[in-house]
Amino acid sequence: MAITIELFDSPKGQDIKELIKDNPIKSSIIKEIDFYKNEKPTLETNPRPFVDNLDIQQWVLMLGNRIMELNIPLAYSMYFLEKGIPDDKWWKEGEKQSVEFFPDFDNDNWSNKYSFDFFSDTFFYKVFTVFETIGHLLFKKFDLEPQGRQKISFNTAISNLKGKHEGLYTDLLDIKQSDKFKKASIFRNDSTHNFPPYRIGNGFKVFENSMSVGIGNYTPSKEVKKIMIGALECIDETLKSLHKHLKKK
């Protein structure tokens with residue numbers, strides 16, 4: 001069957017708020033989090049913390065922008081999912097031991113899936129820019145230093161918080177070790193470095209002296225949505241933890 005992909009229809013006339021209704025994040029909470037150095041420095045009395053706070057201000061603005069930007073790929077992903085991607089049953093047995101993939105798809109479904117995959121992939125990239133921005137802010141707030149070959153990141157910020165702020169360290173570690181965060185992280189990593197979860201894997205299994213071929217792994221679109229919402233919940237929990245421990249006085 002010849003497939004013609006219609007690229008990037010848009011949700012014109014639809015309520016964007018309805019498409020992003022599952023996003024729990026309230027970006028206004030950022031204004032109540034104290035990411036800044038507490039010395040209240042001036043350029044004359046303490047120039048280094050003063051310059052640091054100017055830098056932090058730019059990172060805070062970036063954090064807010066990146067959180068807002070999540071709504072664009074989220075809305076488009078939900079729009080194409082709602083238009084129809086019948087991939088809960090993504091393969092069936094055919095004649096003579098053959099396999100038919102996506103047996104319930106028509107041309108429109110293929111277009112919807114292509115667009116959903118594109119925007120959900122973009123969504124996960126955007127999600128982890130939020131976490132990495134938070135990592136940068138924590139390094140600056142607490143004067144953390146990368147250890148050994150560490151690079152500044154959300155993960156290294158958490159590990160380096162130990163001994164600096166135990167309450168925040170414990171909360172963020174719990175989020176990082178949650179199933180929701182792990183699933184989002186694995187999805188993003190596989191999309192970038194391995195076989196994307198939204199495509200059917202090759203099904204090859206190689207053993208010491210043999211190999212087998214079967215049906216490859218695949219993550220249906222509704223399951224991708226669950227992972228997306230879980231990632232948003234992790235960001236929401238992270239911001240609430242920062243608010244709890246670093247609330248402006």
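I took a salt bridge to be a side-chain nitrogen of Lys or Arg within 4 Å of a carboxyl oxygen of Asp or Glu. With that rule I found K180, E233 and E237 linked in a network of salt bridges. The model is predicted, so local features need pLDDT of at least 70 and side-chain atom pairs count only at pLDDT 80 or more, while totals for chains, interfaces and linings use all residues. Residues are numbered from 1 along each chain as its sequence is written, and side-chain values use heavy atoms, with hydrogens and water left out.

**Entry: salt bridges**

I counted 14 salt bridges by this rule. I looked up K222 and found a salt bridge to D88, with the closest N and O atoms 3.3 Å apart. K222 sits in helix α8 and D88 in the loop between α3 (71-83) and β1 (91-93), so I noted a link between distant parts of the chain, 134 residues apart. For helices I used DSSP runs of H or I with at least four residues, and for strands runs of E with at least two, numbered from the N terminus.

I then checked accessibility, where buried means under 20% relative accessible area, exposed over 50% and partly exposed in between (1.4 Å probe, protein chains only). K222 counts as partly exposed because its relative accessibility is 49%.

Next I looked at D117 and K113, whose side chains meet in a salt bridge of 2.9 Å, N to O. Both lie in helix α4, four residues apart, about one turn of the helix. I noted D117 as buried, and K113 as well.

**Entry: K244 and helix α6**

I found K244 in helix α8 (residues 221-246). Its salt bridge partner is D171, with the closest N and O atoms 2.8 Å apart. D171 lies in helix α6 and K244 in helix α8, so the pair ties together parts that are 73 residues apart in sequence. K244 counts as exposed because its relative accessibility is 54%. I also noted L168, which is 76 residues from K244 in sequence but 8.6 Å away in space, C-alpha to C-alpha.

How do α6 and α8 pack, and at what angle? I read an angle of about 175° between α6 (residues 166-176) and α8, with their axes 10 Å apart. Axes are lines fitted to C-alpha atoms, for helices over the stretch in contact, and angles run from 0 to 180 degrees between N-to-C directions. The two helices are therefore roughly antiparallel, a label for angles over 145 degrees. With contact meaning heavy atoms within 4.5 Å, the α6 side includes G167, L168 and D171, and the α8 side includes C234, K244 and H245.

In α6 I listed L168, Y169, D171, L172 and I175 as buried. These buried residues pack against α4, α5 (154-161), α7 (179-193) and α8.

**Entry: helix α4**

I placed T133 in helix α4. T133 counts as buried because its relative accessibility is 0%. Leaving out residues up to four places away in sequence, I found T133 touching W59, M62, L63 and R66.

F128 and F131 both lie in α4 (residues 107-141), three residues apart. F128 counts as buried because its relative accessibility is 13%, and F131 does so at 1%.

Note on methods:
Parallel < 35°, antiparallel > 145°, perpendicular 65-115°, else oblique.
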